[in-house]
Amino acid sequence: MKKARFELETLSRDNFIEQSQKNGCDVTYHTLEDDEEFLDALTQKIVEELEQVFDANTKEEVIEELADLDEILITFKSLVGIEQKDIDTARLKKLAELGGFKKRIYAEHIETPVNSKEYQYYSEKVDQYENPLNDDE
Amino acid sequence: MTKKKFLLDKLGRDKAIELFKNDNCDIKFHVIESNEEYLEAITKKIFEELEEVLACTSQAQLIEELGDLDEILDALKKLTKIDQAAINESRKNKREKKGGFEKRIYLHYADAPEGSWMYNYCLENPEKYPEIVDEIELP
């Protein structure tokens, strides 16, 4: 039977090879022995999965894609040795201090006194918070 | 007092305005009225948070950033009325059928018979899974 070759270049679920062989596909792969290499592949996959969440067209699809994202995030956390309970603790602490996103506040820009901690914070991340508004010097 | 402006252009946490004012910062903001605009702001924030996760240099930072990512993903789930229980259920089902990522399998390419599931799937997603065509075709 005529076959076509496709580039995959992605991390795969554990049963994929077996299942694709049953469908008559030959898959070329290798096992990532190196943690760094595995981390790279996971990182790439997290971005891919997140993109798929936003490409989803139905609620059902969104649920499935969010589940895929969770699976890959769980693998990531396990590789870097971080437990969900520590993440939850950090999340709840920040939630109590700064609140969540319920009020739908869209922050446009901020004027900070030069001795404030906000000034310090945003100055350090000037790439991200670059301001074309400082033209009044 | 000298002040300096920074462009934020993003979704803010609920207590941010109050906290900024306590520190004598003046903040310009608006409350998002439409669900569409809210979804857009959440989407942008999720990608930002993910970038921050991947830019972390310490374990403590990583824990904090993963917490931020969870918080904004929560906002997305609430807006789209998706239950974590439904996500968990879907995750479990797929895991049983297809496995997780424990075996660290990295796929390079596949030779798929015409008409097979993989053949069709790759053809439908040519940007992700492009067909590899030999440069020189023999007669």
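This report describes a predicted model of a complex of chains A and B.

## Confidence and interface

The predictor gives the complex an ipTM of 0.90 and a pTM of 0.90. For chain B, the mean pLDDT is 94, and 96% of its residues reach 70 or more.

The contact between the chains takes 80 residues from chain A and 79 residues from chain B. On the chain B side, the residues that touch chain A divide into 42 nonpolar, 13 polar and 24 charged.

Three strands form an open sheet, in the order β1(B)-β3(A)-β2(B). The pairing is antiparallel. The edge strands both come from chain B: β1 (3–12) and β2 (26–31). Each of them pairs on one side only. From one strand to the next, the twist averages 10 degrees.

Two helices pack on this sheet. One is α5 of chain A, residues 117–124, which touches β3 of chain A together with β1 of chain B. The direction of α5(A) makes about 110 degrees with that of β3(A). The other is α2(B), which also touches β3 of chain A together with β1 of chain B. The direction of α2(B) makes about 105 degrees with that of β1(B).

On its other pairing, β3(A) meets β1(B) over 8 bridges, in the antiparallel sense. A further antiparallel pairing crosses between the chains: 2 bridges join β1 of chain A (residues 3–12) to β4 of chain B (residues 131–132).

Strands of a sheet pair through backbone hydrogen bonds, either parallel or antiparallel. The table lists residue pairs across these strands.

| Residue in chain A | Residue in chain B | Strand in chain B |
|---|---|---|
| Ile105(A) | Val31(B) | β2(B) |
| Ala107(A) | Phe29(B) | β2(B) |
| His109(A) | Leu7(B) | β1(B) |
| Phe6(A) | Glu131(B) | β4(B) |

Helix α2(A) covers residues 35–55, 21 residues in total. From its first C-alpha to its last it reaches 30 Å, close to the 30 Å expected at 1.5 Å a residue. Its buried residues are Ala41(A), Leu42(A), Lys45(A), Ile46(A), Leu50(A) and Val53(A). A lysine is therefore on that buried list, since the test is a count of 20 or more other C-beta atoms within 10 Å. The cover over these buried residues comes from both chains. It includes β1 and α3 (59–80) of chain A together with α2 and β3 (105–113) of chain B.

Helix α3(A) has 22 residues. It reaches 31 Å from its first C-alpha to its last, close to the 32 Å expected at 1.5 Å a residue. Its buried residues include the nonpolar Val62(A), Ile63(A), Leu66(A), Ala67(A), Leu69(A), Ile72(A), Leu73(A) and Phe76(A). The charged Glu64(A), Glu65(A), Asp68(A) and Glu71(A) are also buried. The buried residues of α3(A) pack against α2 of chain A together with α4 of chain B. Just after α3(A), Gly81(A) takes a positive phi of about 70 degrees.

## Ile46 of chain B

Ile46(B) lies in helix α2 of chain B, residues 35–54. Ile46(B) is buried because 21 other C-beta atoms lie within 10 Å, and the cut-off is 20 or more. Leaving out residues up to four places away in sequence, Ile46(B) touches Leu50(A), Ile72(B), Leu73(B) and Leu76(B). That list takes in a residue of chain A, Leu50(A). Leu50(A) is itself one of the buried residues of α2(A). Ile46(B) and Ile72(B) are 26 residues apart in sequence, yet 6.2 Å apart in space, C-alpha to C-alpha.

Most residues other than glycine have a negative phi. Two residues in this model depart from that pattern.

Glu9(A) has a positive phi of about 45 degrees. Glu9(A) is found in strand β1 of chain A. Glu9(A) counts as partly exposed, because it has 13 C-beta neighbours inside 10 Å.

Lys81(B) has a positive phi near 55 degrees. Lys81(B) sits in the loop between α3 (59–79) and α4 (84–98) of chain B. With 7 C-beta neighbours inside 10 Å, Lys81(B) counts as exposed.

Key:
Residues numbered from 1 in each chain as written. Chains lettered and ligands numbered in written order. Predicted model: local features only at pLDDT ≥ 70, side-chain atom pairs only at ≥ 80, totals over all residues. Helix = DSSP H or I, 4+ residues; strand = E, 2+ residues; numbered from the N terminus. Buried ≥ 20, exposed ≤ 12 C-beta atoms within 10 Å, placed from the backbone. Contact = placed C-beta atoms within 7 Å. Pairing = 2+ DSSP bridges. Expected span 1.5 Å × (residues − 1). pLDDT = per-residue confidence, 0-100. Axes fitted to C-alpha atoms, helices over the stretch in contact; angles between N-to-C directions.
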